[in-house]
Amino acid sequence: MGQTTRPETAGASAQDILDFWIDETGVDKWYVTDDALDAAIRNRFEALWTRVMRGGALGWHPTPANMLAAIILFDQFPRNMFRADPRAYASDALARAKAKHAIDMDWDRRIDGPQRQFFYLPLMHSECLADQDRCVRLFKDRMPEAADNLIHARAHREVIRRFGRFPHRNSDLGRDSTAAERAFVETEGGYGAMVNALRAAA
């Protein structure tokens, strides 16, 4: 997609997002905690995210690539920009709506490679079991080569089956944890232990 050198502003384009996230950052850094990467996302794209959250419109022509960029902006980037902050989840509903529309239009099938997963992550991040079930089906049916993504989808679904929400978000969102949630996080190994068990069983 080519690298972009234009400074990012509140008018950053869909192509700016795809160039940065897919080409400049790349799959090896997508899920790594990296303060420098978080800062780069804030510097380049927080203004755009904030403008839309305050009621502004993206104004992008509806295409599969533009929808992918919008989903990355609303689902992935806040998790990097606002760690341990309620804003990390503030645009989840918007990301889910865009992802569901794109999937219904089969636009996800027109995006090849590992970047297709970003159409499904808003469902994986949902605290709704129906969304979790759909996410697992999508990874099985539309990204069968992504075995580890499917394991993570199943782990997310199991957490929602057990608790109806993600316990690790409770402190960020000011929610009180139940005794069962505290035990899951503090003594059972939490999400990581669940993923390891699913990998061992695969």
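This report walks through the fold, the surface and the inner cores of one predicted protein model.

## The overall fold

Let's start with the big picture. The protein has 10 helices and 0 strands. If you follow the chain from the N terminus, the elements read α-α-α-α-α-α-α-α-α-α. The radius of gyration is 17 Å, close to the 17 Å that the globule rule gives for 202 residues, so the protein is as compact as a globular protein of that length.

The C-alpha trace spans about 50 × 35 × 30 Å along its principal axes.

## Surface and charge

The accessible surface of the protein comes to about 9,700 Å². Carbon and sulfur atoms account for 51% of that surface. Of the 202 residues, 48% count as buried.

The protein carries 28 positive and 29 negative charges.

## The largest nonpolar core

Which residues touch the most other members of the largest nonpolar core? They are W21, L73, F77 and F139, in a core of 48 residues. Several elements give two or more residues to this core: helix 1 (14-25), helix 2 (35-53), helix 3 (64-81), helix 4 (92-104), helix 5 (121-124), helix 6 (129-142) and helix 7 (147-163). Helix 3 gives the most, with 10 residues.

Leaving aside its neighbours within four places in sequence, L73 is in contact with I17, F45, L48, W49, L58 and P78.

## A second core

A second, separate core holds 9 residues, including I151, F163, M194 and V195.

## A serine in a loop

S91 sits in the loop between helix 3 and helix 4. Is S91 buried or exposed? Residues under 20% relative accessible area count as buried. S91 has a relative accessibility of 1%, so it counts as buried.

What does S91 touch, not counting residues up to four places away in sequence? Its contacts are W49, M53, F74 and P78.

Technical notes. Residues are numbered from 1 along each chain as its sequence is written. This is a predicted model: local features need pLDDT of at least 70, side-chain atom pairs count only at pLDDT 80 or more; totals for chains, interfaces and linings use all residues. Side-chain values use heavy atoms; hydrogens and water are left out. Helices (H or I, at least four residues) and strands (E, at least two) are DSSP runs, numbered from the N terminus. The radius of gyration is taken over C-alpha atoms; the globule rule is 2.2 Å times the number of residues to the power 0.38. Buried means under 20% relative accessible area, exposed over 50%, partly exposed in between (1.4 Å probe, protein chains only). Accessible areas come from the Shrake-Rupley method with a 1.4 Å probe; for residues, only the protein chains shown count as cover. Lys and Arg count as positive and Asp and Glu as negative; His and the chain ends are not counted. The place of a charge is taken as NZ of Lys, CZ of Arg, CG of Asp or CD of Glu. A nonpolar core is a set of buried Ala, Val, Leu, Ile, Met, Phe, Trp, Tyr and Cys residues joined through side-chain atoms within 4.5 Å. Contact means heavy atoms within 4.5 Å.
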